[in-house]
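Subject: The structure, and what turned up in it

Hello,

Here is the structure I promised to pass on. Have a look at it first, and then read on for what I found.

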Amino acid sequence: MESYYDRNADSHDTLKRIRRAFKQTRRATVRASKRALSHYYFAQVLQMQKRYKKAEAALEKAVKIHPKFFEAWTSLADAQLILKKFDTALEHYELALEIYPDYIYGLDRKARTLIAVGDFKPARTLLRRAQKKDDSRYRDIILERVRRQIKGPDWDEVFVAETDSYIVSAEASQHVANQTAEQLELINKMSVSYTHLTLPTKA
């Protein structure tokens with residue numbers, strides 16, 4: 001028959017093994033975090049040097065080592081945005097926000113990327129979320145621009161004229177819209193023609 005002492009001795013040994021495993025796991029996590037941070041800070045230097053592809057590679061290493069490193073996901077998306085990898089950047093901003101939904105920088109950056117690709121309604125939602133978090137008024141101008149893109153100008157009547165290169169909206173009259181569009185098209189054609197001129201060289 002097992003004694004009280006034997007049962008408690010086994011429990012004590014088990015507890016010691018659990019504590020040892022926990023310490024080893026914690027040390028491994030700390031080492032991994034330090035490695036991820038080194039890649040992250042190296043990427044910041046690379047971005048300042050405008051070496052965005054190398055920064056992207058460094059940040060990919062950081063998030064592979066530490067998948068919950070939301071600042072690294074956001075920085076990775078920043079580099080990809082500059083490289084015009086819009087879809088990938090949006091995915092990585094979203095990953096950062098899944099880890100930390102109240103990350104204001106991530107909200108702002110994803111919103112600006114959505115604006116860049118012309119997706120204004122979800123951009124407005126993100127900007128409003130960020131606004132509620134920090135009550136910063138600098139977003140008011142951006143929100144107003146987004147509102148105009150969604151709803152158009154606050155005019156009683158809008159007159160629209162379209163050319164090969166432009167769509168012009170005017171408040172005054174259809175005649176003004178037509179004239180403005182024609183003049184813009186003329187300027188555009190003149191500038192294109194000018195760029196193709198070959199100046200004569202001296203004999």
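A word on helix axes before the helix packing: an axis here is a line fitted to C-alpha atoms, for helices over the stretch in contact, and angles run from 0 to 180 degrees between N-to-C directions. Please also keep in mind that this is a predicted model.

With that in hand, take α5 and α7. Helix α7 covers residues 139-151, and its axis and that of α5 come within 12 Å, crossing at roughly 30°. Angles under 35 degrees count as roughly parallel, and α5 is therefore roughly parallel to α7. As for handedness, the crossing of α5 and α7 is left-handed. The residues that meet are Ile104, Asp108, Arg112 and Ile115 on the α5 side, and Arg139, Ile142 and Val146 on the α7 side. Sorted by class, the contact of α5 with α7 has 4 nonpolar and 3 charged residues, with no polar ones.

Next, the aromatic residues. The structure holds 6 aromatic pairs, and I will pick out two of them. In one, tyrosine 40 and phenylalanine 69 form a tilted pair, with 5.0 Å from centre to centre and 45° between the planes. Tyrosine 40 belongs to helix α1 (residues 4-48), while phenylalanine 69 sits in the loop between α2 (52-65) and α3 (70-82), so this pair ties together parts that are 29 residues apart in sequence. Tyrosine 40 and phenylalanine 69 are both buried.

The other pair joins phenylalanine 70 and tyrosine 103 and is edge-to-face, at 4.9 Å centre to centre and 75° between the planes. Phenylalanine 70 is in helix α3 and tyrosine 103 is in the loop between α4 (86-99) and α5 (104-116), so here the parts tied together are 33 residues apart in sequence. Again, both partners, phenylalanine 70 and tyrosine 103, are buried. Ring pairs also link Phe70 and Tyr103 with Tyr100 and Tyr105 into a cluster.

Is histidine 92 buried or exposed? Histidine 92 lies in helix α4, and because its relative accessibility is 12%, histidine 92 counts as buried; the cut-off for buried is under 20%. Apart from its neighbours within four places in sequence, histidine 92 is in contact with Trp73, Leu76, Ala77 and Gln80.

Two backbone angles are worth a look as you go through the loops. Most residues other than glycine have a negative phi. Lysine 84, however, has a positive phi, near 65°. Lysine 84 lies in the loop between α3 and α4 and is exposed, with a relative accessible area of 62%. Aspartate 135 is not a glycine either, yet has a positive phi of about 55°. Aspartate 135 is found in the loop between α6 (120-134) and α7.

Finally, the strands. Which loop holds threonine 163? Threonine 163 is placed in the one between β1 (159-162) and β2 (167-170). Leaving aside its neighbours within four places in sequence, threonine 163 is in contact with Ala181, Glu182 and Glu185. Threonine 163 and leucine 184 are 21 residues apart in sequence, and their C-alpha atoms are 9.0 Å apart in space.

Enjoy exploring, and do write back with any questions.

Best wishes

Note on methods
Residues numbered from 1 in each chain as written. Predicted model: local features only at pLDDT ≥ 70, side-chain atom pairs only at ≥ 80, totals over all residues. Heavy atoms only, no water. Helix = DSSP H or I, 4+ residues; strand = E, 2+ residues; numbered from the N terminus. Contact = heavy atoms within 4.5 Å. Phe/Tyr/Trp six-rings, centres within 6.5 Å; stacked < 30°, edge-to-face > 60°. Buried < 20%, exposed > 50% of the residue type's maximum accessible area, 1.4 Å probe, protein only. Parallel < 35°, antiparallel > 145°, perpendicular 65-115°, else oblique. Left-handed = near helix turned anticlockwise from the far one by under 90°. Nonpolar A, V, L, I, M, F, W, Y, C, P; charged D, E, K, R; others polar.
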